[in-house]
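Below is a brief report on selected strands, helices and residues. Please keep the sequence and structure in view while reading.

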Amino acid sequence: MVNTACELKRLADGLWAAETGLRALGMPMTTRMTIARLPSGLWVHSPVPLVPLRAAVDDLGQVRWRVAPNLMHHLYQAPWQAAYPDSPLFAPPGLAAKRPDLRIDGSPVAGAASWGDDILALPVAGNPTLDETVFLHRPSGSLIITDLAVNLGPEAHWMVRLYARLMGCHGRLSLSYLLKLLYRDRQAARASLDRILSLDFDRVIPAHGPVIETGGKAALTAAFAWLKP
Ligand SMILES: [Fe+2]
């Protein structure tokens, strides 16, 4: 493992994030959790290790909902499930086969019916390997994505920067050549992206790389310019 020290950082009113290190494809990467405080409790997206953050999370409020936003980001759910057994987990249906140890209570879209209008759930069609849902935190105009696109630049480890350059995803919000290949139904994916891009947001919060505080919609539009039906 690389650096596992992490802390909650406030991004906007009612919105926090924490990053942790992990190894992916043999490289020292970082991944980000996002927490939103809704009127009746905390919404936790793509959790990172709980232990170093437990007190800070509990200070924010009661964990009410947990989200595994795609088929890849589920690594740290088990301790959260143990610590907050009354919080339902919403995840893509395919995760049940991958993680039989997790109790999955429904899809992210089903979750949105439970947590209310402050966070919209927007599934991205056409990429069954990832099966990602992105989320709009409406009060702050923030789009929370996971692996839909990465934002890898100078702050990343040199191995990650090299990988990103080779994969065509360095220095801007973008996705790798490999990830582009996973979009099997481009028409459906384009329709999903167009719906997402029609929403009102300026900040983009990716799982990998710095938050884009402003201009996020233009960045996401550019990241998916290649995707034509
Ligand atoms: Fe990821």
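Glycine 14 takes a positive phi near 75° in the hairpin of β1 and β2, a hairpin with two residues between the strands. Helices and strands are DSSP runs (H or I of at least four residues for helices, E of at least two for strands), numbered from the N terminus. This is a predicted model, in which local features need pLDDT of at least 70 and side-chain atom pairs count only at pLDDT 80 or more, while totals for chains, interfaces and linings use all residues. Residues are numbered from 1 along each chain as its sequence is written, and side-chain values use heavy atoms, with hydrogens and water left out.

**Two open sheets**

β1 and β2 (residues 15–24) run antiparallel and are joined by three bridges. Two strands count as paired if DSSP finds at least two bridges between them. Both strands belong to an open sheet of six strands, ordered β1-β2-β3-β4-β5-β6, with mixed pairing. β1 (9–12) and β6 stand at the edges with a single partner strand each, so one side of each has no neighbour in the sheet.

The other sheet described here is also open. It has four strands in the order β7-β8-β9-β10, and its pairing is mixed. Its edge strands, β7 (119–123) and β10 (203–205), each pair on one side only. Neighbouring strands in this sheet are turned by 20° against each other on average, direction ignored. Here axes are lines fitted to C-alpha atoms, for helices over the stretch in contact, and angles run from 0 to 180 degrees between N-to-C directions. Strand β9 (residues 142–144) runs parallel to β10, and three bridges join them.

| Residue | Bridge partner |
|---|---|
| Lysine 9 | Alanine 17, in β2 |
| Arginine 10 | Tryptophan 16, in β2 |
| Leucine 143 | Valine 204, in β10 |

**Arginine 203**

Arginine 203 is found in strand β10. Its relative accessible area is 11%, so arginine 203 is buried. Buried means under 20% relative accessible area, exposed means over 50%, and partly exposed lies in between (1.4 Å probe, protein chains only). A polar atom of the arginine 203 side chain lies 3.4 Å from the backbone oxygen of serine 140. Leaving aside neighbours within four places in sequence, arginine 203 is in contact (heavy atoms within 4.5 Å) with residues including Leu11, Ala12, Ser140 and Glu213.

**Serine 87**

Where does serine 87 sit? Serine 87 is in the loop between α2 (77–83) and β6 (89–90). Serine 87 counts as buried because its relative accessibility is 1%. A polar atom of its side chain lies 2.7 Å from the backbone oxygen of tyrosine 84. Not counting residues up to four places away in sequence, serine 87 touches Val63, Arg64, Trp65, Arg66 and Arg103.

**A helix pair**

The axes of helix α7 (residues 186–197) and helix α8 (residues 216–223) come within 11 Å and cross at roughly 165°. That makes α7 roughly antiparallel to α8, a term for angles over 145 degrees. Leu193, Ile196 and Leu197 of α7 make the contact with Lys217, Leu220 and Thr221 of α8. The crossing of α7 and α8 is left-handed, meaning that the near helix is turned anticlockwise from the far one by less than a right angle.

Technical notes: A polar contact is a pair of N or O atoms within 3.5 Å; within protein, one must be able to donate a hydrogen and the other to accept it, and residues adjacent in sequence count only if both atoms are side-chain atoms. Angles under 35 degrees count as roughly parallel, over 145 as roughly antiparallel, 65 to 115 as roughly perpendicular and the rest as oblique.
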